[in-house]
Amino acid sequence: MPIIDMKKVYLLGHRQEREKVFSLLQHKGSVEMVDVKSGESWSEMESLLEPDQPDEAVSGLDEKLGEIRYCIDFLQRNFPMKKTFVQQFTGAKVELSAERYNDYIDRLDKTKTIYEECRRAEDELARIRNEETQCYNLIAELEPWVTLDVPIEQAKEGSFASMGLYQIPVDNLPELQGALDDKLPAHYLEVFSTGTDIACFFFACVKAEFSTAQELFKENTVTAVSFPELTGTPSQNIDSMQKKLDSLAEEREAVLNEVEGFLEHRPMLMACHDYMDNELKKHEAVMNLARTDNSFLLEGWVPEPVLADLETTMAEETDTAILVSRNPEPHEDVPVLLHNRGPADAYEVVTLLYSTPKKNELDPTPYLAPFFLIFFGICLSDAGYGLILTLLAIFVSRKLRLSGMGKQLMKLLYLGGFSAAVFGILFGGYFGDLFNLPPLWFNPLDDPMTMLIYCFAIGLVQIYFGLGLQAYRNIKAGKPLDALFDQGFWFIFLNGLIMLLLPGLALVGQGLAVGGGAGLILTQGRTQQGIIKKFMSGLLSLYNITGYLSDVLSYSRLLALGLATGVIAMAINAIGELVYGSIIGIVVMVVILAGGHLFNVVISSLTSYVHTSRLQYVEFFGKFFEGGGKSFRPFRVQTNYIDVTEREEA
Amino acid sequence: MNGIEIALLGAALAVGLAGIGSAVGVGIVGQSASGLVTEDPDKFGQTLLLQALPGTQGIYGLLTGFLIMQDIGIVGEEALLDLTVAQGYGVFMAAMPIAIVGLLSGIYQGRVSAAAVGLVAKRPEELGKGIVYSVMVETYAVLALLASILILFGLDLPT
């Protein structure tokens, strides 16, 4: 049974055991909770029960979780854990043994100190960054004055003379110099640096004449520059700033070293994060419950096969919890869980990428599985490539602990590799024409028309199969006439048309086509009102023949992709052959062959996978499958960072 | 132009035009993918997959070009064929389906894939659906490739 039967369960327990029951449920991961308040019986129970609220512990847990998350993020910012290319698809979880995981959880209190340390380190880093910016700014301001030998604090008004540092727009400088020469015979002006628009200069004059100079300054938009908190010459100051920067860099290094020391706690933080996260979820799940003063009521869905196990667990582990179950009512929104046995299990990923089946709908997985296997093989159709793909899939599954869809996808590729190898042997593809081995059956490259016919034939088989499944659904739903009208007549009509093309069967074909066509015209308008409308929609329905035609033609891609794999391989071999000769040539040839064929394996497997999927989604599913169901999402332990494994660490 | 030159022009167009289509398509996806990866570097793998999709047109074009070159003896051990002008045009016509469809479908597939990058940004678990949308466009490049190959194999070239 590919779609698992679901049971509605109600769990009634004593309030004191709520925690315990929830831990058990989360650990089992077999119940999808339903909000009691959304149930239909709520209106009857409303006067007796009240919705449960999460307790105060939640805010505490939330805060704690926030702290741990902060630590992990902080460490990630400073010492990122990079994901490899494969991990970007599969996720990278740290593996921990159950023992070690528990050990980490026992040290949960330690996260507080780590959090404080991290906070302090981050504040420290921020301070260092601030001071560095200040230094850099000051250096930038002092840079123009670097050749000034006078200590900055002396460049001010004295008893007899006025001295100072000034800035002026470059364009105004000659004018100012001219005016000063005219009006102030006894002055000293030295330009230190001339930028693109601002020039910096030192100015000194007799104190009594300074007001005249100020007048001129104002006219030429001169601004005074002052460094009130500095002493010593600019270059001394820059030196000391540099020294300060160096020491700041050392400080940063020290802080980062300290932070690096925290890295050893990272696995613990991750374990604690996942633990707290699940604790929090457990507490939040309470919102689905209803309660009285001393009891609580939980409503949910449980897959039928695990129900007995859950019942025994509840009976054994708790004193008060009572589990009642019933079959779902027809109108209830039952979640769907797929379960296919054997190799078909791998193809669930194909179905789920399209849509979860609706409740009561057929799970298409076991039906598409053989077609997917064959089509994938025809598209890749190379014994060498199939072998490589299978080995790659084994390697990746061994290397990464995959689960769910990732695991299914690897299994699908593993099986697809075998299929490709079989078709490679049939069609004579061994890394293209590298070994020049003869095909066991025939080579589609020599006889593409034959192969095209086979592709159409196999496509037609799948389309008929889809029609058959829809007919089966109709009959099961108690509408055998629909099955005859909508699928049966099409089947007769299409077969008739095909026979028309075959010499010898033309007469039979004529009869079938006319009969089937007439049947369609008479029945396809049966939902319409009035005899004319009925007839017209019946007649128009024959236009759907174009749909069937294009569906069948769409299977020509099997031939095209099969040829593409082979011809790309041939091209790689031909390029390899070009450089063959000397020792260097042989080395280059091996590199070209290895790289080229690996590229072809990847790109051809990708196109084979996506085009095979498309044939299922558009051509096959279109005949009988709707989808749009709700997946079963049980309340369970979910981890972000950690994978707890049963096996002991080496 | 003699027959061989016309045939070669066909091969050049198949490789060139389909290659342009793929280059533009892959380029469009790369641009939007870079935008996403600045925000979320971990999406590199998924977006790279989407970027690879419009690249197949170029491969189909190269494949057709290679078949033509092999048929007329440019590559391989056999000697250069002595094609008539009519035969040259036959080979040229064989190259046209994948040249034209490869050019345009590569660009449009690039746009669909670029939109799928946006899909992956918000719902990474729906990558499969984005790929399927993109592959709907590629169907026509595959059909064009098929037409090119069938024409080429159907031609009556001297051996």
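Mentor: The account below begins with the chains, turns to their contact and the core around it, and ends with some individual residues.

The model is a predicted one. Chain A has 22 helices and 12 strands. Its C-alpha atoms fill a box of roughly 125 × 85 × 65 Å along the principal axes. The radius of gyration of chain A is 40 Å, whereas a compact globule of 650 residues would have one near 26 Å. The domain assignment divides chain A into domain 1 (53-139 + 237-288), domain 2 (150-232) and domain 3 (342-435 + 447-624). Between the centres of domain 2 and domain 3 of chain A, taken over C-alpha atoms, there are 87 Å. Of the 650 residues of chain A, 31% count as buried. Among the contacts in chain A with a separation of 6 or more, 79% join residues 24 or more positions apart.

Chain B has five helices and zero strands, and its pattern along the sequence reads α-α-α-α-α. The C-alpha trace of chain B spans about 60 × 25 × 20 Å along its principal axes. Of the 159 residues of chain B, 52% count as buried. Residues 24 or more positions apart supply 85% of the contacts in chain B that have a separation of 6 or more.

Where the two chains meet, chain A contributes 25 residues and chain B contributes 26 residues. On the side of chain A that touches chain B, the elements giving two or more residues are helix 4 (85-90), helix 21 (556-579) and helix 22 (583-624) of chain A. Helix 21 of chain A provides the largest share of that side, 11 residues. By residue class, this side of chain A comprises 17 nonpolar, five polar and three charged residues.

In soluble globular proteins, nonpolar side chains tend to be buried together. The largest nonpolar core here holds 95 residues, of which Ala7(B), Ala95(B) and Leu145(B) touch the most other members. Helix 21 of chain A gives this core its largest share, 12 residues. Leu145(B) shows contacts to both chains: leaving aside neighbours within four places in sequence, Leu145(B) is in contact with Ala560(A) and Ala564(A), as well as with Tyr60(B), Thr64(B) and Ile98(B). A second, separate core of 22 residues includes Met6(A), Leu25(A), Trp301(A) and Leu310(A).

Beyond four places in sequence, Cys455(A) is in contact with Tyr555(A), Ser556(A), Leu558(A) and Leu559(A). Cys455(A) counts as buried because 25 C-beta neighbours lie inside 10 Å, and the cut-off for burial is 20 or more. The C-alpha atoms of Cys455(A) and Cys272(A), 183 residues apart along the chain, are separated by 56 Å.

In chain B, Ser22(B) lies in helix 1 (residues 3-39). Ser22(B) is buried, since 28 other C-beta atoms are within 10 Å. Outside the four places on either side in sequence, Ser22(B) is in contact with Pro54(B), Gly55(B), Gln57(B), Gly58(B) and Gly106(B). From Ser22(B) to Gly55(B), 33 residues apart along the chain, the C-alpha atoms are separated by 4.9 Å.

Helix 9 (residues 234-262) of chain A has 29 residues and reaches 42 Å from its first C-alpha to its last, close to the 42 Å expected at 1.5 Å a residue. Pro234(A), Asn237(A) and Val259(A) are buried in this helix, and the buried residues of helix 9 pack against helix 3 (57-78) and helix 6 (110-142) of chain A.

Two backbone angles in chain A complete the account. Most residues other than glycine have a negative phi. Thr221(A), however, has a positive phi of about 45°; Thr221(A) is in the loop between helix 8 (210-219) and strand 8 (223-225) of chain A. With 12 other C-beta atoms within 10 Å, Thr221(A) is exposed. Asn360(A) also has a positive phi, near 70°, and is placed in the loop between helix 12 (348-354) and helix 13 (365-380) of chain A. Asn360(A) counts as partly exposed, with 14 C-beta neighbours inside 10 Å.

Notes:
Residues are numbered from 1 along each chain as its sequence is written. Chains are lettered from A and ligands numbered from 1 in the order in which they are written. This is a predicted model: local features need pLDDT of at least 70, side-chain atom pairs count only at pLDDT 80 or more; totals for chains, interfaces and linings use all residues. Two residues are in contact if their C-beta atoms, placed from the backbone, lie within 7 Å. Helices (H or I, at least four residues) and strands (E, at least two) are DSSP runs, numbered from the N terminus. Ala, Val, Leu, Ile, Met, Phe, Trp, Tyr, Cys and Pro count as nonpolar, Asp, Glu, Lys and Arg as charged, and the others, Gly among them, as polar. The expected span of a helix is 1.5 Å times one less than its number of residues. Domain bounds come from an automatic or database domain assignment. The radius of gyration is taken over C-alpha atoms; the globule rule is 2.2 Å times the number of residues to the power 0.38. A nonpolar core is a set of buried Ala, Val, Leu, Ile, Met, Phe, Trp, Tyr and Cys residues joined through C-beta atoms within 7 Å.
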